[in-house]
Amino acid sequence: MSMFETAAIGNPAYTTTLPRLPESARPARRLVSTALQLWELEEAEDAALIVISELVSNAVAHARRESIRVIVTRQDDHVVQLAVVDLSRELPQPRPSGADDESGRGLALVDALSDGKWGAETLPWGKRVWAELLVAKEQPGG
């Protein structure tokens, strides 16, 4: 996996291009984990790893073409944005799922873990699906 820092164009960010395969969730999680450690924002890691896994999973299931791009951006001292870009312009739609359904809960998890701060936008060549996580830094002595 090649990881690129893109801070020169705005907020600090790391990005990589991965094959559109289920196995790409692992290097995507590694990218997120590495970025959070470098930024000393490990408090968000558990939620971030679930969110990026769901975003990658959604792109693998519903996108077109062979690759996806994963982007981790530090918005400020307490907010991290996770995004997956793919080459399909079809926006994700949350759907209700029953207790016996084996899929369909990914966007509900993303919504819950991001406190509803997620979205999708079309791009000229595809779409970008993103979620923001608030990092609750531990206070000294507590």
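R74 counts as buried, because its relative accessibility is 18%, below the 20% cut-off for that class. The model is predicted. The side chain of R74 forms a salt bridge with that of D77, with an N to O distance of 3.3 Å.

Three salt bridges are counted in total. A second one joins the side chains of K127 and D86, at 2.9 Å from N to O. K127 belongs to strand β6 (residues 126–134) and D86 to strand β4 (residues 79–86), so this contact ties together parts 41 residues apart in sequence. Both partners are buried. K127 has a relative accessibility of 5%, so it falls in the buried class. D86 is likewise buried, because its relative accessible area is 2%.

Another salt bridge links the side chains of R128 and E121, again with 2.9 Å between N and O. Here the partners fall into separate classes. R128 is at 17% relative accessibility and therefore counts as buried. E121 is at 32%, so it counts as partly exposed.

Strand pairing was examined for β2 and β3. Strand β2 covers residues 13–19, and five of its seven residues are buried, so the strand is largely enclosed by the rest of the structure. Its partner β3 spans residues 67–76. The two strands run antiparallel and are joined by seven bridges. Within this pairing, T15 stands opposite I71 of β3.

Notes: Residues are numbered from 1 along each chain as its sequence is written. This is a predicted model: local features need pLDDT of at least 70, side-chain atom pairs count only at pLDDT 80 or more; totals for chains, interfaces and linings use all residues. Side-chain values use heavy atoms; hydrogens and water are left out. Buried means under 20% relative accessible area, exposed over 50%, partly exposed in between (1.4 Å probe, protein chains only). Helices (H or I, at least four residues) and strands (E, at least two) are DSSP runs, numbered from the N terminus. Two strands pair if DSSP finds at least two bridges between them. A salt bridge is a side-chain nitrogen of Lys or Arg within 4 Å of a carboxyl oxygen of Asp or Glu.
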